[in-house]
Amino acid sequence: MKIDTGDTAWLLFSICLVMLMTPGLGLFYAGMARRKNVLGTIMHSITLLCVVSLIWVIWGYTIAFGPDKGGIIGSLEWFGLKGVGPEPGRYSSTVPHLGFMIFQGMFAVITPALIAGAFAERIKFSAFLMFTVLWVTFVYSPLAHWVWGGGWIGSVLGALDFAGGTVVHISSGVAGLISAYVIGSRKGHGIQPMPPHNRTLTVTGAALLWFGWFGFNAGSALSASGIAASALVNTNTSASAATLAWILIEWIHRGRPTLIGAVSGSIAGLVAITPASGYVSPILSILIGTVAAAFCYAAVMLKQRFGYDDSFDVFAIHAVGGTWGVLGTGLFASTAVNPAGLDGLFFGNPPLIGIQAIAVVVTYIYVSLYTFVILKIVDLIIGLRVDEESELIGLDYTQHRESGYNPKLG
């Protein structure tokens with residue numbers, strides 16, 4: 001095995017792109033928060049970048065990608081990165097093992113940061129940190145092993161997930177939904193309006209997410225190759241189609257298109273293409289993005305009927321979009337695009353859609369159960385939610401003694 005400098009350069013650049021997504025997500029969420037919670041919302045993403053990076057180096061990576069134990073978990077053989085060095089590793093023969101490790105670490109960072117959008121503006125910062133440590137250890141890392149690390153979903157069942165439809169998006173969306181129900185709604189939810197306080201901030205964050213997503217998806221090829229180029233083109237194409245589809249749907253349904261709607265469509269398209277990005281053609285990525293916009297828009301509208309307070313639509317965008325993306329992979333994957341993959345239903349292999357559906361159902365059940373248990377443990381130990389007075393004042397001041405804006409200048 002010999003390191004390929006081109007593959008390594010692309011992987012290292014992709015790591016930087018994916019790292020940028022988490023601060024970008026902080027801006028994306030902060031713009032949708034109320035002004036009294038803008039810094040606390042950004043604090044979630046910035047802190048997770050540090051906390052999860054350390055978890056990943058010490059024990060998260062070996063649980064997720066260490067030598068397989070029964071298809072369920074990675075061994076602790078690589079605890080503290082023992083034996084993980086600059087030479088090529090078991091997951092790629094052309095890039096450094098350390099590079100692969102930290103690339104996957106950036107995925108582990110952003111996933112719990114996505115969850116934070118569901119319970120924003122009401123969770124204790126200490127509870128958020130404890131939840132993250134437990135969730136990454138007992139939910140994310142085992143699930144990553146099942147799908148990518150030699151575990152049963154990827155290696156035995158044979159499900160396809162190029163860059164994280166199950167591991168990142170369905171898991172974060174489902175965990176967000178469970179969290180929203182367990183923690184409860186924000187005070188005044190459904191009674192008083194809670195519009196985004198700074199749409200410009202949200203659009204800036206969305207632009208950074210779109211930019212970083214090229215590394216997220218195309219970097220998952222682990223090579224500077226045609227598959228990476230295909231994944232990058234599909235990523236941009238699906239996001240573009242979903243953005244325009246959301247604008248059109250909102251225009252018809254509500255009588256006007258909105259900027260927040262447009263960027264919501266962008267994220268829906270990016271989410272949906274993630275598991276399929278290395279397996280489908282650009283033309284089919286248009287279909288995946290367009291359908292994602294319709295499904296995710298409907299999910300946002302239905303949220304009001306069910307009455308739960310998922311602050312920034314984590315379930316509607318990530319779980320619903322990710323579910324469609326994983327199933328869409330089962331429909332449209334083609335070995336003509338990626339010989340290392342499988343053909344889907346429309347290319348003569350009907351069983352793949354069933355395999356993808358099993359992966360989706362298992363992810364929903366596992367994530368729901370363990371997220372609920374973790375939330376209850378954290379609530380029992382330190383409490384999940386700030387008191388009513390703190391919530392009314394805002395988390396910027398009550399949790400961090402800061403203000404995002406000069407009160408005299410607004």
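Trainee: Where is the place of Thr41?
Mentor: Thr41 sits in helix α2, residues 38-65; helices here are DSSP runs of H or I with at least four residues, numbered from the N terminus. This is a predicted model, where local features need pLDDT of at least 70 and side-chain atom pairs count only at pLDDT 80 or more, while totals for chains, interfaces and linings use all residues. Residues are numbered from 1 along each chain as its sequence is written, and side-chain values use heavy atoms, with hydrogens and water left out.

Trainee: Is Thr41 buried or exposed?
Mentor: Thr41 is buried, at a relative accessible area of 4%. Buried means under 20% relative accessible area, exposed over 50%, and partly exposed in between, with a 1.4 Å probe and protein chains only.

Trainee: And what does Thr41 touch?
Mentor: Leaving out residues up to four places away in sequence, Thr41 touches Gly26, Tyr29, Ala30, Ala33 and Phe312. Contact means heavy atoms within 4.5 Å.

Trainee: Switching to α4, where is the kink centred?
Mentor: On Val136, with a kink of about 40° in α4, residues 125-148. The bend at a residue is the angle between axes fitted to the seven residues ending there and the seven starting there.

Trainee: How many residues of α4 are buried?
Mentor: 18 of the 24, so α4 is largely enclosed by the rest of the structure. Just after α4, Gly150 has a positive phi of about 100°.

Trainee: OK, helix packing. At what angle do α3 and α7 pack?
Mentor: About 140°, with the axes of α3 (residues 97-115) and α7 (residues 199-218) 11 Å apart. Axes are lines fitted to C-alpha atoms, for helices over the stretch in contact, and angles run from 0 to 180 degrees between N-to-C directions. That makes α3 oblique to α7; under 35 degrees counts as roughly parallel, over 145 as roughly antiparallel, 65 to 115 as roughly perpendicular and the rest as oblique.

Trainee: Which residues meet there, in α3 and α7?
Mentor: Phe103, Phe107 and Ile110 from α3 meet Leu209, Gly215 and Phe216 from α7. By class, that α3 contact with α7 has five nonpolar, one polar and no charged residues. Ala, Val, Leu, Ile, Met, Phe, Trp, Tyr, Cys and Pro count as nonpolar, Asp, Glu, Lys and Arg as charged, and the others, Gly among them, as polar.

Trainee: How about α8 and α9, what do their axes do?
Mentor: The axes of α8 (residues 226-254) and α9 (residues 259-273) come within 7 Å and cross at roughly 140°. That makes α8 oblique to α9.

Notes: Helices (H or I, at least four residues) and strands (E, at least two) are DSSP runs, numbered from the N terminus.
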